[in-house]
Amino acid sequence: MIEYITKHCLFCPDDSCLVDLYPQTFKDEDVNADVFSARRVTEHFHYKMVRCSNTGLVFSREILPEEDLKKLYADSKVTFNEYADIIRKDYWRPLEKFSDIMVKGSALDIGCSNGFFLEELKDHGFKELYGCEPSTEAKDVADPSIKEHIFTGFFTDEVYKDNMFDLICC
C-alpha cells in the first residue's frame, strides 16, 4: 500500500473549493518502472486530477512520495530511441523563432533523458551543455560527448551554481 502525499491548491487555504476532474487511473500494483518509463504508448495512467474553483489551478490531488518517485525514475527505461530525432526537432521548434536573439552559451535540460535535446542545442550553436536526469539507463545510452555532462538524480537548487545558464528547459 502506497502512502500518497495529498496536495492542496497553491493559492487557496481551503480544500472545499476543489472540484474533481478525473479519477486516478492506476492501482498501487501498477506503479513500476515498466509503466513509468517516458514517451511510450502507455495505459494513460494519471493521478486524480482536481481544479480549484477559485483560482482555476488544475493539479494532481494525491502524488507518490519522493522516495518512490526517485526509485521509479532511476529504474525507468529508454523506450523511444527510434523517435529521438523527431522528438528533438519538436522540442526545438518553439525556440526556433528566438534563435537569432538567444545567447547560445550554456544550456541545461532538466529531465534530459539520454541527452537527445542537448544534441539538438549543440547543433544550434550552444557551447556548454548540461543535463539532469534521474534514469541511470538514459545516461548510460547517451552520446559520449553529452554523457559526461549529465547529472544523474533529481534537479535541486544545490546541483548547479546560480546564474550558470543562458537557457533552461525541462
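The structure is a predicted model, in which local features need pLDDT of at least 70 and side-chain atom pairs count only at pLDDT 80 or more, whereas totals for chains, interfaces and linings use all residues. Residues are numbered from 1 along each chain as its sequence is written, and side-chain values use heavy atoms, with hydrogens and water left out.

The chain contains six helices and nine strands; these are DSSP runs numbered from the N terminus, helices being H or I of at least four residues and strands E of at least two. Its C-alpha trace spans about 50 × 35 × 30 Å along the principal axes. Of the 170 residues, 35% are buried, that is, under 20% relative accessible area with a 1.4 Å probe, protein chains only. Contacts are defined by heavy atoms within 4.5 Å; among those between residues at least 6 apart in sequence, 62% join residues at least 24 apart.

Four strands form an open, parallel sheet in the order β8-β7-β6-β9, two strands being paired if DSSP finds at least two bridges between them. Because β8 (150–152) and β9 (167–169) stand at the edges with a single partner strand each, one side of each has no neighbour in the sheet. The twist averages 15° from one strand to the next, with axes fitted to C-alpha atoms (for helices, over the stretch in contact) and angles running from 0 to 180 degrees between N-to-C directions.

Strands β6 (residues 106–110) and β7 (residues 128–133) pair in the parallel sense over five bridges, and alanine 107 stands opposite leucine 129 in β7. Helix α4 (residues 116–123) packs on the sheet, where it touches β6, β7 and β9. The direction of α4 makes about 165° with that of β7.

Methods. Buried < 20%, exposed > 50% of the residue type's maximum accessible area, 1.4 Å probe, protein only.
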